[in-house]
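Dear colleague,

Please find below the structure that I am handing over to you. A short account of the findings comes after it.

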Amino acid sequence: MTLFDLIFYTFALIIILSGLLVVLARNIIYSAFALLFTFFGVAGIYVLLSADFLAVVQIIIYVGGILVLIIFGVMLTNKITNVEIKTESIHIIPATAVVGILGGLLLAALTKTEWRKAEPSLSNKTVYDLGRILVVDYMLLFELAGIILLVALIGSVMIARKEKTISDEAE
Amino acid sequence: MSVGLYHFITLSAILFSMGIFAVLTRKNAIQVLMGIELILNSANINFVAFARYGNFGYNGQIVALFVIILAAAEAAIALAIVLNIYKHFNTVNVDEIDRLKE
């Protein structure tokens with residue numbers, strides 16, 4: 001067993017255990033913090049797959065952005081005076097059956113298929129290559145992503161803002 | 001058997017199943033969102049793993065990058081909608097929200 005294998009199994013264990021906690025924990029805050037470890041584990045998997053830039057992006061956007069948003073959401077949608085923020089699960093038995101069948105089919109399909117295998121050509125300047133491809137081959141998508149982020153920003157502010165009623169304006 | 005492509009896609013299939021399980025069983029809308037994030041992460045692992053072992057260059061990583069961008073936009077919009085739902089119904093349990101209009 002090489003060091004690569006050992007690191008892979010460590011990160012896989014982190015992802016699966018914290019993922020189970022996300023799915024099964026009764027307290028939402030525990031779920032949110034377990035999600036943190038899942039995201040870190042996935043970032044580690046990206047490093048193993050020689051996608052170092054993507055790992056940093058994963059940590060900055062998921063941990064720094066999305067997770068903070070989710071924790072804000074938890075705090076704003078529960079009464080703060082409630083120390084125990086409990087949640088419940090429904091339809092556990094049919095969901096287990098569906099997930100078991102789906103996961104089994106997925107695993108069978110993925111592992112029985114002969115995927116294209118090629119020796120990876122590793123480069124030691126990932127950010128340079130990635131940046132070049134992003135603004136040469138994927139220029140339109142890159143600009144579109146910027147527009148989508150702007151639309152999402154304006155849209156979420158519009159949706160979440162406080163509605164002004166006529167009596168408010170009269171004052 | 002040393003770690004290869006199949007190990008990575010197995011991990012991503014497990015993560016995907018857990019995400020589906022969270023979406024199906026959780027009552028709280030925010031935890032449904034967490035399940036969706038797990039699903040997106042598993043898809044990303046697949047993209048990067050195939051890009052690495054199939055020698056597809058950086059295309060897989062670019063797609064994963066766009067998935068992360070869209071996940072950020074999706075999380076912001078979804079949380080705004082959840083906050084609005086909480087304001088209207090005083091709950092975010094998805095099984096209690098069954099009216100389109102008051």
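Predicted model: local features only at pLDDT ≥ 70, side-chain atom pairs only at ≥ 80, totals over all residues.

Residues are numbered from 1 along each chain as its sequence is written, while chains are lettered from A and ligands numbered from 1 in the order in which they are written.

In chain A, 69 residues are in contact with 61 residues of chain B (contact: C-beta atoms, placed from the backbone, within 7 Å). On the side of chain A that touches chain B, α3(A) gives the most, with 11 residues (helices are DSSP runs of H or I, at least four residues, numbered from the N terminus). That side divides into 46 nonpolar, 17 polar and 6 charged residues (nonpolar: Ala, Val, Leu, Ile, Met, Phe, Trp, Tyr, Cys and Pro; charged: Asp, Glu, Lys and Arg; polar: the others, Gly among them).

The largest nonpolar core has 64 residues (a set of buried Ala, Val, Leu, Ile, Met, Phe, Trp, Tyr and Cys residues joined through C-beta atoms within 7 Å). Its largest share, 13 residues, comes from α2(B). A:Tyr46, B:Ile30 and B:Val48 have the most contacts inside this core.

B:Val82 lies in helix α3 of chain B, residues 59-89. B:Val82 counts as buried because it has 24 C-beta neighbours inside 10 Å (buried: 20 or more other C-beta atoms, placed from the backbone, within 10 Å; exposed: 12 or fewer; partly exposed: in between). Leaving aside neighbours within four places in sequence, its contacts include A:Gly73, A:Thr77 and B:Ile30.

How values were computed: Contact = placed C-beta atoms within 7 Å. Helix = DSSP H or I, 4+ residues; strand = E, 2+ residues; numbered from the N terminus.
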